[in-house]
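Let's walk through this structure together, one stop at a time. Have the sequence and the 3D view side by side as we go.

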Amino acid sequence: MLILDRLLTGLHDACAAFPDKRKGGGDYSMADIGLSAFSLFFMQSESFLSYQRSLEDERKTSNCRTLFGMAKIPTDNHIRAMLDPVHPSHLQSSFDQVFATLRAHGGMKEFERLGGRALIALDGTEYFCSQKLGCPNCRTRKRANGKTDFHHSMLAATLVAPGHNMVVPLMPEFIAKQDGAEKQDCERNAARRWLAAHAERVEDLRPVYLGDDLFACQPICEAVLASGGDFLFTAKPDSHKTLYDFMNGAALEERSVTRKDGGKTLTCRYRWFSRAPLRDGKDALAVDWIGVTISDAKGKATYDGAFVTSLDVTPENVADIAACARARWKIENESFNVLKNNGYHLEHNFGHGKQNLAMLFAAMNLLAFAMHTVCDCLEDLWRDARTAKRARKRFFEHVRTITAYLVFPDWRTLMTTLINSKPPPEIAKQIQG
Ligand SMILES: [Zn+2]
């Protein structure tokens, strides 16, 4: 499992460089403190550290040492206190390494579409909400019952592709009040900041940015073009009156394709129009528009959507472009749902802090998810172990359970144990007599 080992070594180095508020160091290194927090997300277990502490007490070793390369395990309170001042941008090198690893080992092939291009979905999501806990970076909203919600949101950028369910989160941009700003921050501003800060890193992948109707406005579309990418955003009639008025009565190009999808017969009807104005005014950007309707064998529409894009839509590529536009639903279905429901505890992570902790934990969570995807793409043993345990959730249940009682010398032995549903004799010995 050399690829995972290298990613964890990279993360170790990133954590070692975290700002340390202690004068003259302390009992625990910043690397141990950072990796401790990360291990909870990577193992998807709130209790991982407490089990490892028991193993340390009994056997003077633990999976924190063997799998994550830590020397000692700090207490939860110490982890929270030491990580609160650390801004999530300190994890950038690890996010970069995930991408570089995918590219170096051919993992990007799984994600290339539209002639070797990358699809990056931009999406806002709330990752924390509470009526009790709050920090100075929390956004607030009043409830009808007079109570105040404290919440945090982020603009996530995620590599997606139609045809499979793997996704790779990139470093997010947090939606939080910016220094000197009067108003509350919003998703659109965060998207522009994300493009300004990160678009250059992915420019050579010739990205096509996907997003919902909120982003299909001139400033964001211009920012995408200026960053060297293209856009493919949902565009609803209500929010794009000029665009739809312009096309009203015009002859749309059209193409229908009937195909089988798991025993069902589906008819996809594509309509498109070239160079329509995105908004009112002389300086309006000219965009191509695509409408997609999918109907079942009885002619009942099961999907109806419309998009604007800076790509040139042709009869040859309209179906591919539409499939890419629809890949964005993965963000909800694959990424955020997994993060929120399947054991990542994204919304109720392990503390909130007073400065950056909530953001740092959310970023670590995404980073853990990104590393899981790298393993899904590139680590054969990991993939075999995942297949052996079928559902993602079950795979992590098994990981959680066996690492609570057994110390594995390396990831290879852990994965082999999952594949065989049985630890090798020298590991099994740990719990005998
Ligand atoms: Zn907060």
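Let's begin with a cysteine. The sulfur of C186 has its closest cysteine sulfur in C217, and the 9.4 Å between the two is too far for a bond. For a pair to count as a disulfide, the two sulfur atoms must lie within 2.5 Å. C186 itself is partly exposed, with a relative accessible area of 32%. Widening the search to the whole structure gives zero disulfides. Please keep in mind throughout that this is a predicted model.

Which residues are the protein donors of the zinc ion? They are C135 and C138, each through its SG atom, together with H152 and H352, each through NE2. These donors lie 2.0 to 2.3 Å from the zinc ion. The angles that the four donor atoms subtend around the zinc ion run from 102 to 130°, which makes the arrangement tetrahedral. The reasoning rests on a cut-off: four donors count as tetrahedral if all angles lie between 85 and 135 degrees.

Along the chain, the spacing of the donors reads C-x2-C-x13-H-x199-H. C135 sits in the loop between strand 2 (117–130) and strand 3 (139–142), while H352 belongs to the loop between helix 11 (329–341) and helix 12 (357–378), so this pair ties together parts that are 217 residues apart in sequence.

Next, find S153 in strand 4 (residues 148–160). S153 is buried, with a relative accessible area of 7%. Leaving aside residues up to four places away in sequence, what does S153 touch? Its contacts are T125, E126, Y127, R139, F174 and I175.

Just after helix 2 comes Q44, which takes a positive phi of about 55°.

In helix 10 (residues 318–326), the buried residues are V318, I321, A322, C324 and A325. They cover an arc of only 160° around the axis, which puts them on the same side of helix 10.

Finally, let's look at the backbone of two arginines. R206 has a positive phi of about 45°, although it is not a glycine. You will find R206 in the loop between helix 7 (187–202) and strand 7 (208–211), and at 40% relative accessibility it counts as partly exposed. R275 is not a glycine either, yet it has a positive phi of about 60°. Where is R275 found? Its place is in strand 10 (residues 264–277), and with 59% relative accessibility R275 counts as exposed.

Methods
Residues numbered from 1 in each chain as written. Predicted model: local features only at pLDDT ≥ 70, side-chain atom pairs only at ≥ 80, totals over all residues. Heavy atoms only, no water. Donors = N, O, S within 2.8 Å, 3.2 Å for Na, K, Ca; no water. Tetrahedral: all angles 85-135°; square planar, octahedral: opposite > 155°, others 65-115°. Helix = DSSP H or I, 4+ residues; strand = E, 2+ residues; numbered from the N terminus. Buried < 20%, exposed > 50% of the residue type's maximum accessible area, 1.4 Å probe, protein only. Contact = heavy atoms within 4.5 Å. Arc of directions from axis to C-beta.
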